[in-house]
Each structure stands twice: as C-alpha cells, then as structure tokens.
Amino acid sequence: MPSKQSPYLALVDIANRAKTQAAGLPGRQEVKPYWSGIGFSLLGHRFVSSMEEVVELLEVPQHTFIPGAQPWVCGVANVRGRLLPLFDLAAFFGGGLRGAKQRRRVLVVEHGKIYAGLIVDELHGMQHLALEYARRAPGDLMEPFAPMVNGQFALQQERWLVFDMQALINDFQFMDAAAQ
C-alpha cells in the first residue's frame, strides 16, 4: 500500500529526480567577431565584398549591346523596369571570364547615381570571416587589382581578397566607358 505523501513533498521529489537526470548546459564559448561579405571568383582569385556594397545578385540577364563602348561594357539590361548597365569585370582588369557561362553571376552595386551590374566568374555566396584572420592587402597582386583591394582574409589554404566596390566606382577608367 503506497504511503501517503503531501503534495508539496511529492513535487519536491519530482524536482530532485528531474535535476539528477537533466543534461547540463553547454559550455561557454568565446564569441569571435566576424565580418560578412559576398564571395566571388574573378580571374582565378577569390574576392569578398562588403554586404553594404552589393545590393543584389543576379544571373546574367539578357542584354542589349551598346555600340561605341569599351570592350568590357557588355550592354544594358532591363531589370524590373530599370536599365542596368552590365560590365565584364574580368575584361576591365585585362583578362577574360573563365568557366561555364551558367555559373557567371552579376553583382549589382548602387552608389549615389551609379547603378551597375558587374559580371564575375562565379558566386560563392555569403562569407562570414573571423576578424582574427584579417590581414593587410597583399603585395603580390596583379597591378590592376591593387587599387581595388583593401585587405585580405587568410584561412587554411585559401586567401579571400577584400574588394572595395567604392574604389572601383571612383576609378576614372571604369567611369569612362565610351570607346576611344
């Protein structure tokens, strides 16, 4: 015959049994600061650009050729009723896009009155890079890239170069798209 126990003591018993069978809390982990950006490939290099500098990512849209423009100006596309000039970023830097056409993507930048689509070899999506791996811009870059790179992240065997879209927009050659 079960012994009579007060409701209070029954609750205390249940609480004690629950405590002995409960899993412990996870250990404290040190929170490390991260920098987030959009990763992309261009001319065999991995780049990352600040999330604030890229307003949209697109597949390469159908576009219309613009006569009398620099060879790196691909044309203009209608994106949701807005004209988007498209630029082959590899050609601007003196190279050519690599890899399959279906992997190419457009990074849309908008700074003040400048609205432009930059075609890159491949998109690597959002990258979260620990600030402890941030380094100054490397000295071994191809000359055309050097003014556009303002740092790097070194992780294992990969190097992510920090591409400064504002520096590209401010570049006189980039803004002078008319053929000479």
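Reader: Is E158 buried, partly exposed or exposed?

Author: E158 is partly exposed, with a relative accessible area of 35%; buried means under 20% relative accessible area, exposed over 50%, and partly exposed in between (1.4 Å probe, protein chains only). This is a predicted model, in which local features need pLDDT of at least 70 and side-chain atom pairs count only at pLDDT 80 or more, while totals for chains, interfaces and linings use all residues. Residues are numbered from 1 along each chain as its sequence is written, and side-chain values use heavy atoms, with hydrogens and water left out.

Reader: With which residue does E158 form a salt bridge?

Author: Side chains of opposite charge can pair when their charged atoms come close. The criterion for a salt bridge is a side-chain nitrogen of Lys or Arg within 4 Å of a carboxyl oxygen of Asp or Glu. The partner of E158 is R46, with the closest N and O atoms 3.8 Å apart. R46 lies in strand β2 and E158 in strand β11 (residues 158-163), so the pair ties together parts that are 112 residues apart in sequence. Strands here are DSSP runs (E, at least two residues), numbered from the N terminus. R46 is partly exposed, with a relative accessible area of 29%.

Reader: How many salt bridges are there by this rule?

Author: The count comes to five. Among them is the pair E56 and R80, at 2.3 Å from N to O. E56 belongs to strand β3 and R80 to the loop between β4 (73-79) and β5 (82-88), so parts 24 residues apart in sequence are tied together. R80 is exposed, at 64% relative accessible area. Another salt bridge joins E110 and R82, at 2.5 Å from N to O; E110 is in strand β6 (residues 105-111) and R82 in strand β5, 28 residues apart.

Reader: In what order do the strands of the open sheet run?

Author: Strands of a sheet pair through backbone hydrogen bonds, either parallel or antiparallel. Here five strands follow the order β3-β6-β7-β5-β4, with mixed pairing; two strands pair if DSSP finds at least two bridges between them. The edge strands, β3 and β4, each pair on one side only. β3 and β6 are antiparallel over four bridges.
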